[in-house]
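Here are a few notes to read alongside the model.

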There are 2 protein chains.
Amino acid sequence: LDEFELIRRFFDRQLVDESVVAGIGDDGAVFRARPSHELVTVMDTMVAGVHFPEFLDAGDIGYRAVAVNLSDIAAMAASPRWMTLALTLQHADGAWLEAFAEGLFTAAGEHDVALVGGDTTRGAETVVTVQITGEVKTGTATLRSGAKAGDAIYVSGTMGDAAAGLSVLQSGAPANEDIDYLVRRFRRPTARVGLAQAIATHATAAIDISDGLFADAEKLLHASGVSGSIEVSEVPISAPLRRTMANDDALGFALAGGDDYELCFTTSVNGDQFDEIAAGFDTTLTRIGTVAEGAGLSCTKDGVRINYTNAGYRHFGD
Amino acid sequence: LDEFELIRRFFDRQLVDESVVAGIGDDGAVFRARPSHELVTVMDTMVAGVHFPEFLDAGDIGYRAVAVNLSDIAAMAASPRWMTLALTLQHADGAWLEAFAEGLFTAAGEHDVALVGGDTTRGAETVVTVQITGEVKTGTATLRSGAKAGDAIYVSGTMGDAAAGLSVLQSGAPANEDIDYLVRRFRRPTARVGLAQAIATHATAAIDISDGLFADAEKLLHASGVSGSIEVSEVPISAPLRRTMANDDALGFALAGGDDYELCFTTSVNGDQFDEIAAGFDTTLTRIGTVAEGAGLSCTKDGVRINYTNAGYRHFGD
């Protein structure tokens with residue numbers, strides 16, 4: 001099973017995408033973008049033992065590698081279209097590759113993303129880099145930099161589930177329904193692609209939550225040149241997380257835990273219609289704070305300022 | 001020096017590219033393609049100790065990571081435009097990163113390619129994945145699949161220099177001018193971007209030579225559903241390679257050595273004008289063989305068929 005057989009067997013699926021002129025099997029992929037659209041490219045790497053535990057199912061590794069990129073595309077309010085995969089492996093294990101490809105194509109298929117190319121190489125550890133290019137109507141991409149003083153800060157879904165799920169997974173705690181829910185949120189994160197497009201005209205800025213709510217909200221505020229505050233009692237925490245962890249631990253995961261891949265965005269409109277929009281995507285949108293002049297992000301609890309700071313996950317940050 | 005400081009310090013260079021709406025620092029990069037063009041995306045990974053020796057200068061690693069992708073873009077006759085970088089490192093070494101970025105931006109700058117995004121992660125070994133998206137006028141990408149019986153097979157430049165250079169580099173042989181030339185061909189390969197565009201209207205199929213002339217020519221013929229033969233006495237070998245190696249060794253490197261990043265293409269036109277075109281790009285174009293009906297690639301030496309086969313470099317191929 002050399003690299004070319006491996007690609008043919010696991011990754012070279014027949015495309016039914018008319019935008020793709022040439023896919024896997026040439027020096028490059030050729031595809032056609034729509035007129036009056038801009039292109040959005042995102043790229044995320046996952047390293048075994050760093051971004052996921054070594055024992056994680058190959059299917060989940062494949063799914064997550066795509067989902068985390070879909071989440072970045074969502075944060076720009078773009079439509080994901082074409083994907084490339086750089087896969088570095090220690091050895092070519094057919095069963096592992098089959099499961100990995102299943103997860104990869106499941107996540108891609110949920111959003112009609114075509115795998116059009118990539119590179120498969122041998123290395124000392126598993127490294128998965130996925131790149132997705134999407135489209136957005138010219139001028140409508142949601143950037144991090146548009147938040148204004150007075151805007152409200154919103155998040156989609158619930159916070160901290162994935163990080164708590166990973167923690168429980170690594171602790172080897174016995175499974176129950178709540179734990180299964182949390183672990184699944186880590187294994188198979190839901191990229192908010194449709195939701196992000198539905199709220200795009202209302203959003204002044206957006207970011208996806210991959211390094212932790214506090215850290216990523218701070219990045220959005222910094223990029224916009226504004227400050228903000230989060231009321232921690234408003235941060236949405238799922239029932240399974242509340243039942244599994246003590247209150248303070250649950251809040252800790254909700255503020256600092258990465259891997260949620262929910263959206264954080266700012267808006268200048270009254271969010272009355274947001275409940276209905278969110279319900280259409282089987283999730284919620286919750287106002288958690290406010291943007292102000294200045295710089296930095298602070299937290300309040302029941303209106304009283306509390307000391308909280310967290311830089312989020314940073315490679316080489318130790 | 002955490003990942004965000006690292007990106008700011010070494011990779012977030014001010015762009016003067018009007019096609020880029022949002023570059024490094026958002027969830028994704030936003031850019032504008034030209035109307036009436038198709039997009040071409042290529043992606044190549046380099047793993048330390050596999051694609052290059054661990055001791056290779058960081059500047060050369062950066063340069064090669066871009067050049068090998070430019071070469072794939074060239075093989076499609078496209079214009080490279082936007083680049084993303086996935087960089088996995090054991091630790092954040094400022095001097096290494098500075099040299100790496102110098103090499104990367106030198107190669108990118110030679111073709112006005114903008115670094116618009118990427119991901120920097122920690123891992124157990126150095127893994128560099130570069131993705132480049134380019135543009136080509138709709139319908140004009142040169143694929144591997146267009147070769148027809150009767151076409152001539154051409155290559156640009158000379159064959160085997162880079163592989164011989166790497167071999168000499170690893171043997172620790174004392175340097176001389178010829179060896180310096182060969183080693184430089186490995187360290188800083190020349191992607192034939194402009195040349196490929198200049199001959200695109202004459203080429204029926206093209207591939208870049210990364211895994212070895214014989215193996216890559218065979219891939220082109222296979223994709224086109226035809227056979228071919230190479231006259232080995234016509235394969236262009238540089239004077240430095242001839243002076244450094246015995247004839248048979250030089251020919252071995254020329255046929256099987258990877259890393260040349262020259263073009264191999266087929267054409268149905270008389271190549272009288274090719275010398276002048278090639279001279280405009282400081283290189284040569286040499287007819288080395290012929291396409292025929294059937295399947296497979298064979299070699300002749302002075303017109304007599306010889307036994308030669310080489311599958312080229314394959315990950316997991318051992």
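**Helix packing and a few buried spots**

1. In chain A, helix 1 brings A:Leu6, A:Phe10 and A:Phe11 up against A:Gly94, A:Leu97, A:Glu98, A:Phe100, A:Ala101, A:Leu104 and A:Phe105 of helix 3. Contact here means heavy atoms within 4.5 Å. By class, this contact of helix 1 with helix 3 of chain A has 8 nonpolar, 1 polar and 1 charged residues. Ala, Val, Leu, Ile, Met, Phe, Trp, Tyr, Cys and Pro count as nonpolar, Asp, Glu, Lys and Arg as charged, and the others, Gly among them, as polar.

2. Before going further: this is a predicted model, where local features need pLDDT of at least 70 and side-chain atom pairs count only at pLDDT 80 or more, while totals for chains, interfaces and linings use all residues. Residues are numbered from 1 along each chain as its sequence is written, chains are lettered from A and ligands numbered from 1 in the order in which they are written, and side-chain values use heavy atoms, with hydrogens and water left out.

3. Now the geometry of that chain A pair. Helix 1 (residues 3–11) and helix 3 (residues 94–109) of chain A pack at an angle of about 45°, their axes 10 Å apart. That makes helix 1 of chain A oblique to helix 3 of chain A. For angles, under 35 degrees counts as roughly parallel, over 145 as roughly antiparallel, 65 to 115 as roughly perpendicular and the rest as oblique. Axes are lines fitted to C-alpha atoms, for helices over the stretch in contact, and angles run from 0 to 180 degrees between N-to-C directions. Helices (H or I, at least four residues) and strands (E, at least two) are DSSP runs, numbered from the N terminus.

4. Over in chain B, helix 1 (residues 3–11) and helix 3 (residues 94–109) pack at about 45°, with axes 10 Å apart. The contact draws on B:Leu6, B:Phe10 and B:Phe11 from helix 1 of chain B, and on residues of helix 3 of chain B including B:Gly94, B:Leu97 and B:Glu98.

5. Helix 2 (residues 58–75) of chain A holds A:Asp60. Buried or exposed, this A:Asp60? A:Asp60 is buried, at a relative accessible area of 5%; buried means under 20%, exposed over 50%, partly exposed in between (1.4 Å probe, protein chains only). The side chains of A:Asp60 and A:Arg188 are joined by a polar contact of 2.9 Å. A polar contact is a pair of N or O atoms within 3.5 Å; within protein, one must be able to donate a hydrogen and the other to accept it, and residues adjacent in sequence count only if both atoms are side-chain atoms.

6. A:Val68 is in helix 2 of chain A too, and is buried at 2% relative accessible area. Leaving aside neighbours within four places in sequence, A:Val68 contacts A:Asp44, A:Met46, A:Asp208 and A:Tyr261.

7. Helix 4 (residues 161–171) of chain B is mostly covered, with 8 of its 11 residues buried. The cover includes helix 5 (177–187), helix 8 (239–244) and helix 9 (247–256) of chain B. Just after helix 4 of chain B, B:Gly172 has a positive phi of about 75°.

8. Last, B:Thr129 in strand 6 (residues 127–137) of chain B. B:Thr129 is buried, with a relative accessible area of 2%. Beyond four places in sequence, B:Thr129 touches residues of both chains, among them A:Met43, A:Thr129 and B:Leu85. A polar contact of 2.8 Å links the side chains of B:Thr129 and B:Thr45.
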